[in-house]
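Student: I am new to this structure, and I would like a close look at a single part of it. Could you walk me through the metal site and its surroundings?

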Amino acid sequence: MCILAIESSCDETAVALLDSPISKDGSLLQNVSTKPNCLAHALRSQINWHKQYGGVVPEQASRMHTETIHQLIEQVLDKAQRSFSDLTAVAVTYGPGLEGALLVGTTVAMTLSRCLSIPYIPVNHLHGHIYACMIGDDSPQFPFVVLLVSGGHTQLISVTDHFQFKILGQTRDDACGEAFDKIARVCGLPYPGGPEIEKQAELGDSYAFAFPQPMRGQGLDFSFSGLKTAVAQKVATLPKDKDLPVSDIAASFQLAVAKTLTEKSILACQETETQQLVLSGGVAANSYLRDYLTTELSTAGIDLILAPKAFCTDNAVMIGMAAYYQLQQFPVPKISRAIVRPNLSVEDLL
Ligand code: KG4
Ligand code: ZN
């Protein structure tokens, strides 16, 4: 009894196998409350290829998913000592993401579903990021607020029950991860910028530069484009004959981001009278942000649940986890084509 989960929405091809108490025909066993167990997972990142262009090249991303996905499926089945005939359901990200990249995963998943006569579960990638918080030992209880910070999204989301999502606030321009990537480029650091900025910031002074916090005190929406411009303008005024103080820039930028995300998260919890905040998405892998939120939320009396670091950036375990809970909430949709939705919102349900 296992769900094969596939993720191919951007530049990571990932496959996971989750053991779950679901019967072979896809119907659920009664009174299921245990979490699924990850039997095996595999991921191949395309970052080293895309790096040379400073960002993801969509056409190449699709090609690389096509070349890799079958190997990863076999690898995961081998690792878990399972075969295709053991599969109970196949789950796949169908949006949001790059259209061609999504089509690779959905086509493979639909083919498996048809050939093996098992349910096909289309999963919203953003739901995957949220359900990543269920992977660790420390799961949240409803209701909670999610701070979802990734390369494409920055959102505060109220979650009152399984798949009851309401966007409380979001970025009006760049996503938080995108800002990390752009600042890294301004500082001459490679793509993706998040981990590079984090590394540099460890050596820098967070108070070397006073970068602004756009939209501070103006509700729950964010703006990262203004912060990016402020950093770029500061860099432009620095003497060209001296080395750029990259570590100080990175540390000061990171502090401005952490302050903004934290203040708005606390406000979101207060406005919704919620006691728990979940941090998820690629930027949630940032240790400085994790530590900053931990301290500030503890002072504010709000519990913080961190998605496990290894499952913050794109992976298939989170897709399998979302699929498992989706199966419990909704009947398996009768879909016979590999549809993709590149612009899916977290509020969109099947
Ligand atoms: O969730 P994700 O893997 O993909 C999307 O769904 O967008 O997030 C990728 C983003 C990139 O912008 C990357 O720079 C950022 O997450 N990121 C980080 C860190 N690791 C990844 N940002 C800050 N610190 C990190 N350690
Ligand atoms: Zn993602």
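Tutor: Here is a walk through the zinc site, one of its residues, and then the other ligand. This is a predicted model, in which local features need pLDDT of at least 70, side-chain atom pairs count only at pLDDT 80 or more, and totals for chains, interfaces and linings use all residues. Residues are numbered from 1 along each chain as its sequence is written, chains are lettered from A and ligands numbered from 1 in the order in which they are written, and side-chain values use heavy atoms, with hydrogens and water left out.

Let us begin with the metal. The zinc ion (ligand 2) is held by H125 and H129, each through NE2, and by D314 through OD, at 2.0 to 2.1 Å. Donors here are N, O and S atoms within 2.8 Å of the metal (3.2 Å for Na, K and Ca), and since water is not among the atoms, sites may look incomplete. The angles among the four donor atoms run from 97 to 126°, and the site is tetrahedral (four donors with all angles between 85 and 135 degrees). Along the sequence, the donor residues follow the spacing H-x3-H-x184-D. Distant parts of the chain are linked in this way: H129 sits in helix α4 (residues 125-131), while D314, 185 residues apart from it, lies in the loop between β10 (303-306) and α10 (317-329). Helices (H or I, at least four residues) and strands (E, at least two) are DSSP runs, numbered from the N terminus.

Now look at how covered these residues are. H129 has a relative accessible area of 1% and is buried, and D314 is buried as well, at 14%; buried means under 20%, with a 1.4 Å probe and protein chains only.

Leaving aside neighbours within four places in sequence, D314 is in contact (heavy atoms within 4.5 Å) with residues including E7, C10 and L43.

D314 also leads us to ligand 1: of the 20 residues around that ligand, D314 is among the nearest, along with G151, D181, E198 and G282. Being near means having a heavy atom within 4 Å. A polar side-chain atom of E198 lies 2.7 Å from a nitrogen atom of ligand 1.

Technical notes
Four donors count as tetrahedral if all angles lie between 85 and 135 degrees; four count as square planar and six as octahedral if opposite donors are over 155 degrees apart and all others between 65 and 115; anything else is irregular. Buried means under 20% relative accessible area, exposed over 50%, partly exposed in between (1.4 Å probe, protein chains only). A polar contact is a pair of N or O atoms within 3.5 Å; within protein, one must be able to donate a hydrogen and the other to accept it, and residues adjacent in sequence count only if both atoms are side-chain atoms.
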